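Please open the structure in your viewer and follow the stops below in order.

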Amino acid sequence: MIALRNKEFRTVLIFTLITISIFSLIGFRTNKIFGILLLAQGVLLSVYFISLTLYRYNQIKKLSAYLKKIQKGEYSLDIRDNKEGELSILKSEIYKVTNMLSEYNEKLKNDKILLSEHMADISHQLKTPLTSMMVMVDLLKDENLPADKRKQFTSQIYAQLERIEWLVTSLLTISKLDADVIEMKQVRIKAGDLIQSAVEPVLIPMELKEIDLSVSGEDNIITCDPHWMREALLNILKNCIEHTMPGGKLKISVNDNPLYSEIVIEDTGVGISKEDLPYIFTRFYRGKNSSSDSVGIGLAMSRSIILRQGGDISVKSVEGQGSTFTVKLYKSVI
């Protein structure tokens with residue numbers, strides 16, 4: 001049985017009222033005909049309500065079957081229609097909730113994959129220093145080991161422990177950034193103060209390699225999270241210093257325009273090969289010019305920090321002619 005729509009119901013009701021009004025106005029005296037007319041209208045309305053009840057029952061039955069399929073993970077189903085009425089509105093709302101559940105379920109799957117990758121990365125990176133320390137500890141058990149060797153092994157174990165501590169801290173930081181649990185503050189800070197805080201930890205390595213540092217645009221104001229931006233810039237600076245030969249140069253310039261603040265870090269180092277350039281910000285990637293102690297996590301962390309603040313980072317490099325890192329912090333969503 002085909003159910004009548006709300007518009008049809010209103011039409012029947014209006015027709016009934018108009019009919020009754022007309023018969024009342026003309027003073028129709030035949031009660032029998034009037035009664036038959038009312039009976040016909042009553043039957044018509046009864047048919048409508050029965051049809052409407054059956055229609056709603058059928059639709060609710062379909063919704064129930066749809067929800068059971070959703071419980072089984074079939075999120076691709078679509079129950080929307082272009083009809084009018086409260087049931088169509090309900091279908092549309094259920095479909096929206098279904099999409100939300102589908103997105104949430106997909107996010108959970110991705111989080112599990114990401115967690116698995118992080119655990120594999122941590123295991124891989126910790127394996128080498130732990131193995132090295134176990135070997136040295138076994139050697140230290142030898143009572144006849146010379147004092148100078150004992151001192152050497154002890155020093156190496158301490159260095160490996162420091163490396164493990166840094167590695168674990170860095171991996172936990174990146175995990176927090178990936179999980180979006182770190183709140184980035186938006187603070188206006190003078191560029192010179194930000195750069196000074198980032199450069200300070202690497203002043204001694206720069207001095208040992210006699211690297212000349214020049215800074216421009218220090219009076220510009222940058223809006224960022226000073227703590228995390230310092231961390232991002234520090235990792236970039238470490239990379240530049242690592243790949244710059246003794247007597248080289250390092251230049252930091254800060255520019256500002258209505259769209260974004262820009263920090264440019266240039267070095268005169270060995271540069272990055274064309275093969276390595278597309279993967280330079282990939283976690284645990286080590287290019288052919290990387291040192292043996294490099295883990296390949298610093299630039300990946302810098303990128304994560306900058307992206308979390310609505311910024312962007314890029315690099316240009318010519319092998320043998322140095323590299324240029326450009327950090328842009330946008331002032332508005334583009």
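A crossing of two helices is left-handed if the near helix is turned anticlockwise from the far one by less than a right angle, and right-handed if clockwise. This is a predicted model, in which local features need pLDDT of at least 70 and side-chain atom pairs pLDDT 80 or more, while totals for chains, interfaces and linings use all residues. Residues are numbered from 1 along each chain as its sequence is written, and side-chain values use heavy atoms, without hydrogens and water.

**Stop 1: two helices.** Select H5 (residues 191-199) and H7 (residues 226-242); helices (H or I, at least four residues) and strands (E, at least two) are DSSP runs numbered from the N terminus. The crossing of H5 and H7 is right-handed. Next, display Leu-194, Ser-197, Ala-198 and Val-199 of H5, which meet residues of H7 including Met-229, Arg-230 and Leu-233 (contact means heavy atoms within 4.5 Å).

**Stop 2: salt bridges.** A salt bridge is a side-chain nitrogen of Lys or Arg within 4 Å of a carboxyl oxygen of Asp or Glu; by this rule there are 3. Select Asp-219 and Lys-190, a salt bridge with N to O at 3.6 Å. This pair links Asp-219, in the loop between strands S2 (212-216) and S3 (221-224), with Lys-190 in strand S1 (residues 187-190), 29 residues apart.

**Stop 3: another pair.** Select Lys-331 and Asp-256, whose closest N and O atoms are 2.9 Å apart in a salt bridge. Lys-331 lies in the segment after strand S7 (323-330) and Asp-256 in strand S4 (residues 249-256), so the pair ties together parts 75 residues apart in sequence.

Technical notes:
Axes are lines fitted to C-alpha atoms, for helices over the stretch in contact, and angles run from 0 to 180 degrees between N-to-C directions.
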